[in-house]
Amino acid sequence: PDPFKELTATGKQSLNQVVFEQSSSILRPQSYSELNQLADFLKRTPMLRIDISGHTDNVGDSRLNLTLSEYRAKVVASYLSRQGVDEGRITTHGYGGSCPVAGNDTEVSRARNRRVEISVVP
């Protein structure tokens, strides 16, 4: 099964297995498998350009969350580049807590908002 079927169909996909240390941009080791699959996919589709967007929940200082989301997106881009993906094919953005996909009223919903997404760049 193609783990990036959603990306090719909709142009956007969350990286559900990409996780970071608490309040940090340090990738946790369980992220590597999904990122390696993404790198392999990107190497097989050399014309595809992507944007990596980082998102946080709304807890804490919004400026710090924005910075954290930017760093997390850049860390993912750097990882992909180290796996052989041309960095010229990757852009990054951080959105902090400004684009939630769930409420921020429970830990479960806040966890859904802490994510990294990839989008196809036309």
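I118 touches F4, L7, G11, K12, Q13, L15, L38, I50, D51 and I52, leaving aside residues up to four places away in sequence; contact here means heavy atoms within 4.5 Å. The model is predicted, so local features need pLDDT of at least 70 and side-chain atom pairs count only at pLDDT 80 or more, while totals for chains, interfaces and linings use all residues. Residues are numbered from 1 along each chain as its sequence is written, and side-chain values use heavy atoms, with hydrogens and water left out.

I118 belongs to strand β4. Helices (H or I, at least four residues) and strands (E, at least two) are DSSP runs numbered from the N terminus. With a relative accessible area of 0%, I118 is buried; buried means under 20% relative accessible area, exposed over 50% and partly exposed in between, with a 1.4 Å probe and protein chains only. R49 is 69 residues from I118 along the chain, and the C-alpha atoms of the two are 9.9 Å apart.

**Nonpolar core**

In soluble globular proteins, nonpolar side chains tend to be buried together. The largest nonpolar core in this model has 23 residues, and L15, I52, V76 and L80 have the most contacts inside it. Such a core is a set of buried Ala, Val, Leu, Ile, Met, Phe, Trp, Tyr and Cys residues joined through side-chain atoms within 4.5 Å. Two or more residues come from each of α2 (32–44), β2 (49–55), α3 (62–82) and β4 (115–121). V76 touches L15, V18, F20, L35, I52 and V116, again not counting residues up to four places away in sequence.

**Packing of α2 and α3**

Two packed helices are described by the angle between their axes and the distance between the axes. The axes of α2 and α3 come within 9 Å and cross at roughly 60°. This makes α2 oblique to α3, where angles under 35 degrees count as roughly parallel, over 145 as roughly antiparallel, 65 to 115 as roughly perpendicular and the rest as oblique. The contact is made by Y32, L35, N36, L38, A39 and L42 of α2 together with V76, Y79 and L80 of α3. Axes are lines fitted to C-alpha atoms, for helices over the stretch in contact, and angles run from 0 to 180 degrees between N-to-C directions.

**Salt bridges**

A salt bridge is a side-chain nitrogen of Lys or Arg within 4 Å of a carboxyl oxygen of Asp or Glu. The count comes to eight salt bridges by this rule, including those in the table.

| Salt bridge | N to O distance |
|---|---|
| D57 and R114 | 2.6 Å |
| D61 and R63 | 3.0 Å |
| R110 and E107 | 3.6 Å |

The side chains of D57 and R114 meet in a salt bridge. This pair links distant parts of the chain, with D57 in the loop between β2 and α3 and R114 in the loop between α4 (107–113) and β4, 57 residues apart. D57 is buried at a relative accessible area of 8%, whereas R114 is partly exposed at 33%.

R110 and E107 are three residues apart in helix α4 and therefore separated by about one helical turn. R110 counts as buried at 18% relative accessibility, and E107 as partly exposed at 43%. A network of salt bridges links D57, E107, R110 and R114.

In the bridge between D61 and R63, D61 is partly exposed at 32% relative accessibility and R63 is exposed at 61%.
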